[in-house]
There are 2 protein chains.
Amino acid sequence: MKSILFSLLLFCATFTLRAENGHQLWLRPHPAAPVTVVSSGKNSALLATAKSELQQGWQGRAGATVKLTLKKDKSIKYDGFRLSPQGVEAATEAGLLYGVYELLRRQQTGQPLTEVISNPSYEHRVLNHWDNPDGSVERGYAGKSIFWRQDSSFVVTGRDKALWQQYARANASVGINGAVLNNVNASPMILSADYLGRAKAIADVLRPYGVKVYLAVKFSSPALLGGLKTSDPLDPAVIAWWKARTREVYRQIPDFGGFLVKASSEGQPGPQDFGRTHADGANLLADAVRPYGGLVMWRAFVYSPNDKDRAKQAYNEFVPLDGKFRDNVIIQVKNGPIDFQPREPFSPLFGALKKTAVMPEFQITQEYLGQAIDLVFLAPMWAECLRSDTYQAGPGSTVARCTDGSVYPQKHSAMAGVSNVGLDTNWTGHDFAQANWYAFGRLAWNNTLASEQIADEWLRLTFDNSAPPTANQPAADFNAGFLTPVKQLMLASREAAVDYSMPLGLHHIMSATHGHYGPGPWWAPPGTRADWTPPYYHQAAANGVGFDRTSTGSNAVSQYHEPLAGQLNNPATCPDEYLLWFHHLPWDFKMKSGRTLWDELALHYDHGVQQVRQFQRTWDAARPYVDAERFALVQNKLRTQSGNAVIWKDAGLLYFQQFSHLPIPAEIEPPMHTLEQLIANDAPPLRRPAGQP
Amino acid sequence: MKSILFSLLLFCATFTLRAENGHQLWLRPHPAAPVTVVSSGKNSALLATAKSELQQGWQGRAGATVKLTLKKDKSIKYDGFRLSPQGVEAATEAGLLYGVYELLRRQQTGQPLTEVISNPSYEHRVLNHWDNPDGSVERGYAGKSIFWRQDSSFVVTGRDKALWQQYARANASVGINGAVLNNVNASPMILSADYLGRAKAIADVLRPYGVKVYLAVKFSSPALLGGLKTSDPLDPAVIAWWKARTREVYRQIPDFGGFLVKASSEGQPGPQDFGRTHADGANLLADAVRPYGGLVMWRAFVYSPNDKDRAKQAYNEFVPLDGKFRDNVIIQVKNGPIDFQPREPFSPLFGALKKTAVMPEFQITQEYLGQAIDLVFLAPMWAECLRSDTYQAGPGSTVARCTDGSVYPQKHSAMAGVSNVGLDTNWTGHDFAQANWYAFGRLAWNNTLASEQIADEWLRLTFDNSAPPTANQPAADFNAGFLTPVKQLMLASREAAVDYSMPLGLHHIMSATHGHYGPGPWWAPPGTRADWTPPYYHQAAANGVGFDRTSTGSNAVSQYHEPLAGQLNNPATCPDEYLLWFHHLPWDFKMKSGRTLWDELALHYDHGVQQVRQFQRTWDAARPYVDAERFALVQNKLRTQSGNAVIWKDAGLLYFQQFSHLPIPAEIEPPMHTLEQLIANDAPPLRRPAGQP
């Protein structure tokens with residue numbers, strides 16, 4: 001307890017004393033002009049937040065009057081709003097708050113304030129925190145949980161509340177309106193009185209920002225926590241237990257959002273333990289929360305071996321259940337069919353579930369993308385998924401439109417992002433990882449937003465120290481010296497990460513020893529289930545490399561709709577990005593570029609490394625525009641990323657060369673590790689900045 | 001004992017079964033043509049060796065007759081020889097043997113066999129083995145000692161003798177005629193009966209190859225081994241003890257070469273412990289060996305703090321003693337005034353001792369040059385020293401001429417090289433480190449030999465698998481595909497190592513933690529004597545970097561003769577290579593290139609790294625010409641060297657940047673480590689190929 005208190009003290013001292021340590025995120029204070037706020041409706045907490053934000057952040061004409069008007073309007077959906085030079089109109093108080101944030105963002109980033117209507121793509125825009133009751137965070141790279149404490153004393157301090165409020169404000173400012181407070185690998189204790197009490201305290205702080213609280217629950221809670229003999233979803237005692245427990249949750253948190261469930265997945269208990277289906281399990285909980293308007297988000301991340309190809313398993317399990325779920329159940333589907341790899345084709349479940357609400361799950365925390373070391377801006381990756389055409393209801397059936405209600409008449413819609421937030425002063429470990437939190441919110445609000453715009457906004461808000469640009473005084477220096485090159489860096493960063501870690505559709509070739517950080521194409525300890533090991537995925541052999549998912553292979557392509565299935569099935573038409581995801585090809589396969597597969601692979605690896613070096617140069621040149629503290633942190637992380645990119649490249653090339661027996665092209669940078677070293681260390685002593693775990 | 005026997009067994013098995021594991025050195029067997037050898041003189045062991053070598057290696061006309069003629073000749077010096085199409089003439093049997101090796105070398109490398117007279121530059125061409133009685137080797141990177149065994153059983157096996165014979169043959173083939181069998185940090189036990197017995201056994205094996213045995217002795221042996229109360233060199237009992245002990249040595253080894261002594265140096269006992277001088281100490285031993293024609297090689301590697309600049313101390317101690325040494329004493333002087341750094345100016349003792357025999361000591365084992373990892377061909381470094389003009393007896397008084405008897409009438413002349421040989425199958429750990437053993441011998445024989453010729457010979461002998469080239473059939477492929485590029489690699493390798501580890505004359509900035517392997521510019525643990533720490537040498541500060549040895553600094557330049565002293569004293573005329581050795585200059589000092597010192601430093605560091613990458617490409621392209629085993633070993637070592645070069649560069653630049661506060665030039669490769677990491681690990685987990693200590 002002492003050490004946590006001390007850390008907190010230090011932490012608070014740090015972010016109080018130093019303005020540019022990253023704690024302020026994209027909400028750094030600027031001198032505000034006086035403004036008069038006029039509002040209709042009752043004076044609620046949400047409205048008070050909206051007014052206070054306007055008054056603290058107004059960058060417009062001094063003495064102006066802004067109206068916040070609560071009003072039904074057919075063109076306004078959910079918590080959408082209409083923005084005009086006069087003020088904000090919305091159907092809900094949350095809508096007014098989002099309108100205020102949009103207004104302030106436009107002022108700060110120098111965008112024109114014309115009349116605009118903005119509606120969220122998804123009704124629920126939810127962060128999933130993989131925070132454990134002991135304060136640790138699964139796949140967390142930014143310190144301990146902001147919600148839970150190791151000592152379980154459950155005392156809510158003033159510092160806790162201040163931090164949760166800052167967190168809620170950050171979420172609201174980008175439209176996030178929900179937070180699952182605990183890990184999907186859930187403890188049954190989360191529904192016990194002590195934890196519920198703390199969840200209520202959190203909900204009370206989040207409420208004035210329009211952020212609802214959700215909990216992840218363990219399916220076997222009736223037995224584990226309730227002492228029942230079973231957790232069978234059709235058992236009357238189990239049904240009753242869930243109803244009673246849910247009633248207690250809503251007694252404490254009347255606007256509780258609902259449950260998130262990982263069941264019958266990776267060793268977690270679930271309905272299949274009792275011979276029931278996912279639908280049986282999800283509906284049990286859906287019925288329990290229905291009286292209160294609650295939701296059940298049921299994860300489709302399952303891969304019991306119903307097929308030799310893990311990529312097919314979730315589809316095989318869920319498609320037969322389409323239409324069997326209650327309308328307050330949403331199936332939460334990871335963007336790709338495997339597991340948050342730097343690049344995956346979209347999950348074939350998108351669009352295939354036609355009578356069931358489906359929500360995309362993205363991973364904001366960079367489990368497979370360099371964690372809090374590598375600078376990787378994820379908006380382009382998520383946009384790539386959202387814009388993918390499933391063809392399931394004809395051309396234009398993008399993943400975005402299949403999940404936001406445009407294609408299928410689903411009652412509820414949502415998007416989830418696995419949070420990257422922790423107790424680190426700058427919240428996310430890497431200053432640029434804040435951009436992924438920001439981007440998730442912005443894309444959940446508008447699933448067609450351009451990555452370039454998101455990066456532009458975030459950079460201006462997060463780094464610009466100059467006065468707001470105006471038509472007469474454009475911030476030329478900042479734009480040319482910082483914004484343009486650093487934005488370019490961000491936009492190129494994800495492709496660089498793909499290149500140095502999983503070029504041409506290779507996937508799941510990371511080290512398991514180091515928590516999915518660094519390369520491990522050789523990793524396959526005896527006795528490990530095959531589909532947890534890289535050789536299962538890359539299938540490297542003398543005759544070639546890649547997973548054959550064509551119609552003559554695992555036939556995973558058949559889970560996609562035509563014409564996509566046919567396109568993917570043919571190596572001549574399959575995009576290079578997914579080539580080795582769907583095909584096992586000889587090392588001398590002739591690529592579209594005219595090069596052999598082997599040479600192309602080598603060039604991609606090397607390009608990734610060279611790109612990171614360019615990012616370093618870009619950042620070094622941006623030094624005059626950045627405060628010293630954030631500059632140094634990012635500079636150091638880029639250095640480590642640069643070294644680790646080389647490790648990825650060397651490991652990949654030297655490992656696969658054992659099978660290809662082909663020389664590394666002379667035009668790329670020769671390896672600076674030996675395969676023996678890389679394997680012996682699996683991965684080698686990876687270079688993390690001092691202080692990193 | 002078991003493990004050593006087993007290793008030896010394995011070792012012998014290895015080099016018997018596989019031809020190209022490097023064990024054959026530059027003496028790989030080729031099919032020989034029949035030849036008749038006719039010789040004058042008595043049929044001694046040396047002559048038998050010469051005949052047998054001729055018969056085993058003859059590549060000339062089948063059935064030819066070759067004459068070996070023992071004959072006095074004014075134009076033949078020491079063990080020199082006259083080579084003609086008829087055969088070899090020499091004044092000694094060793095001379096005949098050297099002539100035979102030269103003849104065979106010319107046949108194998110396709111050089112014309114015109115009449116030639118070849119005399120050795122130095123009378124004594126001696127390897128110093130820093131081998132300890134327990135079998136370990138100080139600064140040895142190629143396994144344990146070939147002479148001594150940990151278990152001290154002193155049993156001489158047939159395998160021992162076979163190995164010693166191969167060793168002797170390799171030495172003789174390049175003209176090396178002496179071996180100091182044990183470390184200069186000597187144990188008194190080396191003069192005990194058991195060790196002397198083993199030394200005698202070694203001498204017996206080496207004798208037929210003309211290689212004399214020497215021993216390094218501890219100055220306090222009379223007290224430690226003899227039980228005397230003192231080791232005072234003027235004490236009659238001490239004098240008598242040394243005479244008696246020496247008599248015993250010569251009883252066992254009648255042609256024993258003499259003693260090598262490290263005294264009053266780095267904690268070793270010496271005459272100064274008794275208030276006597278180095279001359280008193282050396283003369284004591286010189287008188288003991290004089291009746292037998294023995295020599296004393298007395299090391300000048302001393303740096304007791306008689307001056308604030310360590311570089312000046314040996315000169316200060318020895319110059320006043322000039323003329324006070326017996327004529328069978330040779331002062332052994334390291335090439336530079338500090339300690340075998342990748343680049344040093346020559347020691348000012350060369351040429352300054354005018355009435356005392358002086359011999360250069362070079363380090364073949366790569367203590368500061370990447371040990372058995374980095375490919376560094378040392379001939380250019382040694383040639384640089386030998387060709388340096390001391391001006392001590394007018395222009396042309398090169399180090400070579402000041403030590404080989406050309407300038408001063410010294411009675412004896414010698415050159416020493418600290419050996420890189422160990423029990424590794426390929427003798428030297430790195431296949432290319434064999435070239436340094438070879439080069440040492442060749443330069444000791446001819447101290448004006450071009451590095452290019454040495455590399456050419458060694459590469460042809462060590463790697464060429466084709467038939468001997470003839471005028472009609474030049475080995476075009478091997479020359480163009482292997483010889484030319486790899487020779488270029490070798491010749492560039494030392495400058496690359498200087499660039500990535502100690503550019504512009506920076507020196508002694510290596511890690512002490514890792515045994516002088518890798519960077520440590522920050523290394524200065526509290527309580528360490530200052531002149532063992534890098535900051536003492538680089539003097540980096542806000543006002544600049546480098547050791548001021550000018551006339552307004554330590555005035556070390558004054559130990560050099562004009563016009564050199566004046567040239568070194570002025571930064572405008574001091575060569576860039578030695579700039580920071582002699583000058584402390586501001587970071588923005590304008591270099592001859594027009595760049596600032598800081599930028600120039602960065603470019604040198606980076607150039608070193610890029611050079612190693614080029615070496616990798618060169619070696620990769622040479623694959624068709626090399627057997628798989630040696631190709632892979634060298635390829636892997638180059639990879640590790642490449643990574644370590646980056647570590648050197650990053651450590652140097654990031655460390656010095658703390659003082660320069662200048663940006664790293666954008667045109668070089670950005671760092672891929674952080675300074676914190678590098679310091680925390682001092683140096684980072686250095687990447688050695690698997691199996692390396």
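Colleagues, please keep in mind throughout that the model before you is predicted.

Let me begin with the interface. Here, 26 residues of chain A are in contact with 26 residues of chain B. The size of an interface is often given as the accessible area lost when the parts come together. For chain A and chain B, the buried area is about 2300 Å², and carbon and sulfur atoms give 53% of it.

What charged and polar pairing is found across the interface of chain A and chain B? The rule finds two salt bridges between the chains. One of them joins E669(B) to R613(A), with the closest N and O atoms 3.3 Å apart. On the chain A side, the elements that give two or more residues are α18 (597-621), α19 (628-660) and α20 (675-681). Of the elements of chain A, α19(A) gives the most to this side, with eight residues. By class, the side of chain A that touches chain B has 10 nonpolar, nine polar and seven charged residues.

I turn now to a strand in chain B. Strand β6 of chain B spans residues 124-128, and five of its five residues are buried, so the strand is largely enclosed by the rest of the structure. In a regular strand the side chains alternate between the two faces of the sheet. In β6(B), H124(B), V126(B) and N128(B) point one way, whereas R125(B) and L127(B) point the other way.

Which strands pair with β6(B)? One is β13 of chain B, residues 414-418, which pairs with β6(B) in the parallel sense over five bridges. In that pairing, H124(B) stands opposite A414(B). Another is β7 of chain B, residues 178-180, which also runs in the parallel sense with β6(B), here over three bridges. In this case V126(B) stands opposite G178(B).

Next, two loop residues of chain A. S121(A) is found in the loop between β5 (116-118) and β6 (124-128) of chain A. Is S121(A) buried or exposed? With a relative accessible area of 10%, S121(A) is buried. The side chain of S121(A) reaches the backbone nitrogen of N447(A) at 2.8 Å. Leaving aside residues up to four places away in sequence, S121(A) touches several residues, including K77(A), Y78(A), D404(A), S413(A) and W445(A).

The second residue, H508(A), has its place in the loop between α14 (476-501) and α15 (534-538) of chain A. H508(A) is buried as well, because its relative accessible area is 5% and the cut-off is under 20%. Among the residues that H508(A) touches, not counting those up to four places away in sequence, are R310(A), Q341(A), D531(A), W532(A) and Y537(A). From C-alpha to C-alpha, H508(A) and P535(A) are 8.9 Å apart in space, while 27 residues apart in sequence.

Finally, the salt bridges within the chains. Side chains of opposite charge can pair when their charged atoms come close. Over all chains, the count by this rule comes to 80 salt bridges. In chain A, R28(A) forms one with E20(A), the closest N and O atoms being 3.3 Å apart. Both R28(A) and E20(A) are buried.

In chain B, R207(B) pairs with D255(B), with the closest N and O atoms 2.9 Å apart. R207(B) lies in the loop between α5 (193-206) and β8 (212-217), and D255(B) in the loop between α7 (236-252) and β9 (258-261), so the pair ties together parts of chain B that are 48 residues apart in sequence. R207(B) is partly exposed, at 29% relative accessibility, and D255(B) is partly exposed at 24%.

E384(B) and R343(B) also meet in a salt bridge, at 2.8 Å from N to O. This pair links distant parts of the chain, 41 residues apart: E384(B) is in helix α10 (residues 379-387), and R343(B) is in the loop between β11 (329-334) and β12 (357-363) of chain B. E384(B) is partly exposed, with a relative accessible area of 24%, whereas R343(B) counts as buried at 5%.

I close with a network of salt bridges in chain A, which links K71(A), D73(A), R82(A), E89(A) and E115(A).

Methods: Residues numbered from 1 in each chain as written. Chains lettered and ligands numbered in written order. Predicted model: local features only at pLDDT ≥ 70, side-chain atom pairs only at ≥ 80, totals over all residues. Heavy atoms only, no water. Helix = DSSP H or I, 4+ residues; strand = E, 2+ residues; numbered from the N terminus. Buried < 20%, exposed > 50% of the residue type's maximum accessible area, 1.4 Å probe, protein only. Contact = heavy atoms within 4.5 Å. Pairing = 2+ DSSP bridges. Polar contact = N/O pair within 3.5 Å; in protein donor to acceptor, adjacent residues only side chain to side chain. Buried area = accessible area lost by both parts, 1.4 Å probe. Salt bridge = Lys/Arg side-chain N within 4 Å of Asp/Glu carboxyl O. Nonpolar A, V, L, I, M, F, W, Y, C, P; charged D, E, K, R; others polar.
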